[in-house]
Amino acid sequence: MNGWMGTILRVDLTSRKVVKEVMPERWVHAFVGGRGLNARLLYDEVKAGTDPLGPENKLIIGVGPCNGTIVPGSQRFTVTFKSPITGHYGDSNSGGSFGAMLKYAGYDLIVIEGAADEPVYLWIDEDRVEIRSARHVWGRTTREASRAIMTELRDPNLSTIVIGPAGENLVRCASVIADLGRALGRAGVGAVFGSKKLKAIAVRGRKGVRVAYPEKLEAAVRDTYEAWNNNRAMYDLVAAYGPSRGQLRYGGMLADKNYRGGAPTGWFSMMSFENQSDRYVKTRACFSCSQGCDHLYVVTRGPFKGTYGEGIELSQPMDYGVRLGLYDFDAVLALGTIADEMGIDYFDSSALMAYACECFEKGLLTEKDTDGLRLEWGNQDVLPRLLTMIARREGIGDVLAEGLGRAPERIGKETQKYAMQTRGMTFAGRDPRSSKGWGLMYAVSSRGPCHVRAFLPESMPDTGWDVSLEGILKKYKDPKNRLLEEGKAELVYWYENLLAFKNSLEICLFTSDPWMFSPSAEPFSIPGLLARFYSATTGFDLSEAEVLHVGERIVNVERAFNVREGLTRKDDRLPERFLYEPMPDGFAKGEVVRLEPMLDEYYACRQWDKVTGFPTKRKLEELGLHEMAVDLETLGRLGVD
Ligand code: SF4
């Protein structure tokens, strides 16, 4: 096969057996790779009712056909599993170099099943695969463990993914850290690693990837670079400062103190060029990317002197800053560093701390409950301690480690309204009352509320950028439209399908997103570009329409998995604060999310049952998912047309 390596690596940690299987060709055509293939396999191999932290859950790690080629940002990989946070479908993905290395080692997929009886790590050196003891790195931080493994294997250039103490302690929002600084943050992937006593995976590969039509692939890549050049100012800004310049525009959309406001005054000074430049060290790019949007930082003075890490421009200021009312940039970076070292998700851990702070403010948690910690907004002496307690399951941290869905059962039912979650998982640091399409996207996302399942351009207000590259987006040009519910279902539907395909190619979201390209001289079709990458690499022709059709198939597989687990329309929801408490400030002042009409429209676009939210037989059959239609029919969970 061109593009794919044709091999699945299956590792049983209980029996310590490693088997190589041939990748069935019909799967790759129907599901492409990475996210899509993983979802298909998860549906087949992880039965309904499986304990997410039991040995029957699986970790399916997938790359796509373009990984390891010259396609910009072609290095991502997805880990798929049943989520210990939501109890539904879960996946998490990352950049770095792991995805390309895995491909060069000769594999499209790794399936990890069972559970080891003592800590282990997996070493993949092309055809040689070993399950090794990890007793010496168990309990150590992600950085310490990665470096120890590289030293042991005598190769500082191999690629690693590693859990920290949070994953070992089965903290439900534990993350996995790739290549010392990139995070697979969402859905509790680190806890599933921990439940299998799998500390890390190290991989090294030197095999190439066979491309069907190298000249065609080169032409598609050249066109991508040209389109970037047509939007040079944006390219330079992202390269120099990361996506933070876009974040500056989020004033009015932020999660101020647990989403109680959207326009905190401290935001703009914290995000100033001066503040960032003062701590910036250098830029790091993922494999096969010329942008290098990731920026390394170091704190050189003050109480957090010596803190260092990467991602100064990303979610740290939004999550550990705004959510917690903390505007000391060094303290924010210190929290981000603790999270990366402990291996815990930024979004959920900061939302857990914000929930605890609001409970403390309301007197629903007291110093008696918190081992004497005064959980006040912006308290830079206490918040780093609280984060470590969650990762180590100490004191109140043990209760919070159970996640936003479960913690209120222990702390008190009256605190439920302060737990900002859907299906137990929290949101990105952007408030959907100021961006209605985001509200719908959060509510319906298959892996729990996710900001990059549809990544709507309306999240970038007042940019002046033309986001109407695709015909479907033309009618959404008015930037004020982010406050309207009408029409958002069609936009979410279209983007979800597009990104399901892109995630299955496993290429970076940023390197081929409309906002990187506009305003280009010529209209630039994103599905068309993805089709060119796919067709040139694999040799199989795919049209723009087929790109979206394959994406739709993948979204439906994930939905079928969730429906089989018991999900219904009532799980596609948002917290009361977004639905009933008007936004108190900023451009969206007075706004709430009117979710139900958007849901009706969305189900109509998807041709799902409006009452139950179940996929219909007609839709599943049309997408070639006959077995899933039979399964759901047997369970009485098939939608009515
Ligand atoms: S744009 Fe950023 S995240 Fe994407 S591939 Fe390049 S460096 Fe990695």
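Guide: In this predicted model, the centres of domain 1 and domain 2, taken over C-alpha atoms, are separated by 26 Å. The contact between them draws 37 residues from domain 1 and 27 residues from domain 2. As for where these parts lie along the protein chain, the domain assignment places domain 1 at 7–204 and domain 2 at 237–409, and it also gives a domain 3 at 435–634.

Between domain 1 and domain 2 an area of about 2500 Å² is buried, and carbon and sulfur atoms give 47% of that area. On the side of domain 1, three arginines deserve attention: Arg143, Arg172 and Arg182 supply 25% of the area that domain 1 buries against domain 2, which is more than any other three residues supply.

Turning to the polar side of this contact, the count between domain 1 and domain 2 is 23 residue pairs in polar contact, where both residues have pLDDT of 80 or more. The side of domain 1 that touches domain 2 receives at least two residues from each of helix H3 (98–104), helix H4 (142–152) and helix H5 (165–168). By residue class, that side of domain 1 divides into 15 nonpolar, 16 polar and six charged residues.

Side chains of opposite charge can pair when their charged atoms come close. Five salt bridges are counted between domain 1 and domain 2. A salt bridge also joins Arg186 to Asp348, with the closest N and O atoms 2.7 Å apart.

To set this part against the whole, the structure holds 60 salt bridges. One of these is formed by the side chains of Arg204 and Asp125, at 2.8 Å from N to O. Because Arg204 lies in strand E12 (residues 198–204) and Asp125 in strand E7 (residues 120–125), this pair ties together parts that are 79 residues apart in sequence.

The protein chain as a whole contains 27 helices and 15 strands, and its C-alpha trace spans about 60 × 60 × 55 Å along its principal axes. Its radius of gyration is 23 Å, which agrees with the value near 26 Å that a compact globule of 641 residues would have.

Conventions
Residues are numbered from 1 along each chain as its sequence is written. This is a predicted model: local features need pLDDT of at least 70, side-chain atom pairs count only at pLDDT 80 or more; totals for chains, interfaces and linings use all residues. Side-chain values use heavy atoms; hydrogens and water are left out. Domain bounds come from an automatic or database domain assignment. Contact means heavy atoms within 4.5 Å. Buried area is the accessible area (1.4 Å probe) that two parts lose on being put together, summed over both. A salt bridge is a side-chain nitrogen of Lys or Arg within 4 Å of a carboxyl oxygen of Asp or Glu. A polar contact is a pair of N or O atoms within 3.5 Å; within protein, one must be able to donate a hydrogen and the other to accept it, and residues adjacent in sequence count only if both atoms are side-chain atoms. Helices (H or I, at least four residues) and strands (E, at least two) are DSSP runs, numbered from the N terminus. Ala, Val, Leu, Ile, Met, Phe, Trp, Tyr, Cys and Pro count as nonpolar, Asp, Glu, Lys and Arg as charged, and the others, Gly among them, as polar. The radius of gyration is taken over C-alpha atoms; the globule rule is 2.2 Å times the number of residues to the power 0.38.
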